[in-house]
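Thanks for coming. Please have the sequence and the structure open.

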Amino acid sequence: MMFEHDDDQPILTLDDDQSWRLLEHTNHGRLATAVGGIVDIFPLNFAAKDRVIYIRTAPGEKLAALTVNGQVAFEADGILSDEAWSVVVHGTAHRLETQDEIAAARDSGVTPWIPTEKESWVKIKAEKISGRHFRLGSQPEVGDAV
């Protein structure tokens with residue numbers, strides 16, 4: 001998914017639509033939580049649909065942290081041979097309880113990576129999203145024209 005950079009600049013700030021489009025086409029990211037002054041980060045698989053991030057997990061540290069403090073940061077990225085991107089979402093996470101909420105999460109397509117039972121569903125409602133796209137290349141030497 002290549003993006004057009006103005007004036008051949010190596011970094012492009014993405015708009016919300018571009019950022020969500022990237023999230024909708026990947027399924028791995030990292031969830032950052034903060035509880036009692038301790039910040040933690042968890043690699044996980046996810047699905048993004050209708051500007052919501054869905055996670056399917058098992059009981060444990062991640063779920064416990066979200067119960068204590070629902071304010072989270074979520075990041076996903078992609079790296080190819082000549083381009084890379086990163087999208088960060090700040091929002092509120094909560095465990096899904098109703099059958100309708102869980103049905104919507106199932107429709108998102110999120111599936112576990114490993115063959116373990118994961119029947120806890122979490123939804124992250126985005127409050128802020130930011131994304132950047134990078135053209136990869138060598139760093140210019142000091143004194144070279146940029």
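With which side chain does the side chain of Glu127 make a polar contact? The partner is Thr92, and the two side chains come to 2.4 Å in that polar contact. Before I go further, note that this is a predicted model.

Let me stay with Glu127 for a moment. Glu127 sits in strand S8, which covers residues 120–135. Its relative accessible area is 53%, so Glu127 is exposed; the cut-off for exposed is over 50%. Setting aside residues up to four places away in sequence, Glu127 touches Gln71, His90, Gly91 and Thr92. One of these, His90, is 37 residues away from Glu127 along the chain, yet their C-alpha atoms are separated by 5.8 Å.

The next residue is another glutamate, Glu75. Is Glu75 buried or exposed? Glu75 has 17% relative accessibility and therefore counts as buried, since buried means under 20%. Glu75 belongs to strand S6, residues 71–79. The side chain of Glu75 makes a polar contact with the side chain of Arg30 at 2.5 Å. A polar contact also joins the side chain of Glu75 to that of Ser86, at 3.0 Å. Not counting residues up to four places away in sequence, Glu75 touches Gly29, Arg30, Ser86, Val87 and Val88.

Now the aromatic rings. How many aromatic pairs does a search of the whole structure find? The search finds one. The rings are those of Phe46 and Phe74, with centres 4.8 Å apart and planes at 75°, so the pair is edge-to-face. This pair links distant parts of the chain: Phe46 is in the loop between strand S3 (38–45) and strand S4 (47–49), while Phe74 is in strand S6, 28 residues apart. Phe46 has 2% relative accessibility and so counts as buried. Phe74, at 1% relative accessibility, counts as buried.

One more residue, Thr33. Thr33 is found in strand S2, which covers residues 28–35. With a relative accessible area of 4%, Thr33 is buried. Which residues is Thr33 in contact with, leaving aside its neighbours within four places in sequence? They are Ile38, Val39, Asp40, Phe42, Ala65, Leu66 and Val72.

Let me step back to the chain as a whole. The protein chain holds three helices and eight strands. Along the sequence, their pattern reads β-α-β-β-β-β-α-β-β-α-β. Along its principal axes, the C-alpha trace spans about 55 × 35 × 30 Å.

As for burial, the protein chain has 146 residues, and 39% of them count as buried. Among the contacts with a separation of 6 or more, 70% come from residues 24 or more positions apart. The accessible surface of the protein chain is about 8900 Å², and carbon and sulfur atoms account for 51% of that.

Last, the charges. The protein chain carries 14 positive and 24 negative side chains. The centres of these two sets lie 7 Å apart.

Terms used
Residues numbered from 1 in each chain as written. Predicted model: local features only at pLDDT ≥ 70, side-chain atom pairs only at ≥ 80, totals over all residues. Heavy atoms only, no water. Helix = DSSP H or I, 4+ residues; strand = E, 2+ residues; numbered from the N terminus. Buried < 20%, exposed > 50% of the residue type's maximum accessible area, 1.4 Å probe, protein only. Polar contact = N/O pair within 3.5 Å; in protein donor to acceptor, adjacent residues only side chain to side chain. Contact = heavy atoms within 4.5 Å. Phe/Tyr/Trp six-rings, centres within 6.5 Å; stacked < 30°, edge-to-face > 60°. Areas by Shrake-Rupley, 256 points an atom, 1.4 Å probe, with all protein chains shown as cover. Lys, Arg positive; Asp, Glu negative; His and termini not counted. Charge placed at Lys NZ, Arg CZ, Asp CG, Glu CD.
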